[in-house]
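Me: I have a chain here that I would like to go through with you, one question at a time. Shall we look at it together?

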Amino acid sequence: MQMQKAYLKLANGRIFEGLAPDWQTDSSYGEVVFNTGMTGYEETLTDPSYSGQILTFTFPILGNYGVSAGKRWESEKIHAKGVICETVFDEPAHHSQRQTFLSWLKQNNIPLICGVDTRELTKVIREYGVLSGVITTKADLEPDFSDSMTHDWVKEVSPKEVQTIGNGKYKVILVDCGAKENIIRCLLNFDITLKRVPFDYDYSNEDYDGVMLSNGPGDPKLCNQTVAVLAKAMTRNKPIFGICLGSQLMALAIGANTYKLKYGHRGHNQPCIDLKRDRCYLTSQNHSYAVDDKTLPSDWEVTFRHLNDNTVAGIAHTSGMYSAVQFHPEASSGPQDTFYLFEQFFNQIQAGGSK
């Protein structure tokens, strides 16, 4: 594939030069973030939580095992606004590959800039915090970053229609704010029927045995409708479990506060400690916001903490009925050592279910 000169322009004035495929003509704006995972680019790029973001891969090689037919995807398409990397393989070697990484990006019209010193870029993000940026092939482009970090992405990635999945004994509402498919795969390991609903669907008066709050992109404080319905559901004393954005939504529903991290946590080597078990886990994470533990009500407790910066990685009500984690127990990609949290959620449903 022929390449052309390209530029990554940041809101702080830094410019990184690199190369882009010759089919790439449009400029793409987004929030420039970095992911520290060594594998899993298919799962990562198809994660709806990356909507609105230009993703920097700190591992220096992408595309070496190609792209599968969707078996490892977390949704039907790439959600990131662009890809930044050091080296791209266009001749992969893997038995499950169906196309190359570059052809996949072209098919989804996702811009790429490679040949970038991603170590230096990551240091810039860590120093300045998350920055707006643009990938462009136009050297004279004067970027306009006025609206690149304020969009409500949950409205775009949440499904428009209700969907029923599975045929199990217990009914679980999945509030889909941009759910990864592996959350659904993990839940269907149990005797569950899932009702997958949009972010603004009011399920609070329906017949159900439990509620799962999904991950999703953007600022949780923009999800006012989701929080309002959740607050009503939490008066029914039925199990509710949240993942990632779901943790932040649960905090807002009980009157606590959330705030934006300097550069977030993204990757599948994020260390957390289970404060109840006094055990440490490497977890998969992808988020920009966190829960302010100082604002939690007295009948709520912190259950997990991130070991790099001591931020809140899990919360729970003292009754044990409501809980959430900031990381992804379903992983994909990443370690699945905390899958027991799905088992814990299902045990709560069985104990308190209405059937």
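Predicted model: local features only at pLDDT ≥ 70, side-chain atom pairs only at ≥ 80, totals over all residues.

Me: Leaving aside neighbours within four places in sequence, which residues is T193 in contact with?

Reply: Residues are numbered from 1 along each chain as its sequence is written, and side-chain values use heavy atoms, with hydrogens and water left out. Contact means heavy atoms within 4.5 Å. On that basis, T193 touches T164, I165, G166, N167, G168, Y170, K171 and V172.

Me: Is T193 buried or exposed?

Reply: T193 sits in strand β12 (residues 192-197); strands (E, at least two residues) and helices (H or I, at least four) are DSSP runs, numbered from the N terminus. Buried means under 20% relative accessible area, exposed over 50%, and partly exposed in between (1.4 Å probe, protein chains only). With a relative accessibility of 15%, T193 is therefore buried.

Me: Which side chain meets R14 in a salt bridge?

Reply: A salt bridge puts a side-chain nitrogen of Lys or Arg within 4 Å of a carboxyl oxygen of Asp or Glu. For R14, the N to O distance is 3.5 Å, and the partner is E120.

Me: How many residues apart in sequence are the parts that R14 and E120 tie together?

Reply: R14 lies in the loop between β1 (3-10) and β2 (15-21), while E120 belongs to helix α3 (residues 118-128). The pair therefore joins parts whose separation in sequence is 106 residues.
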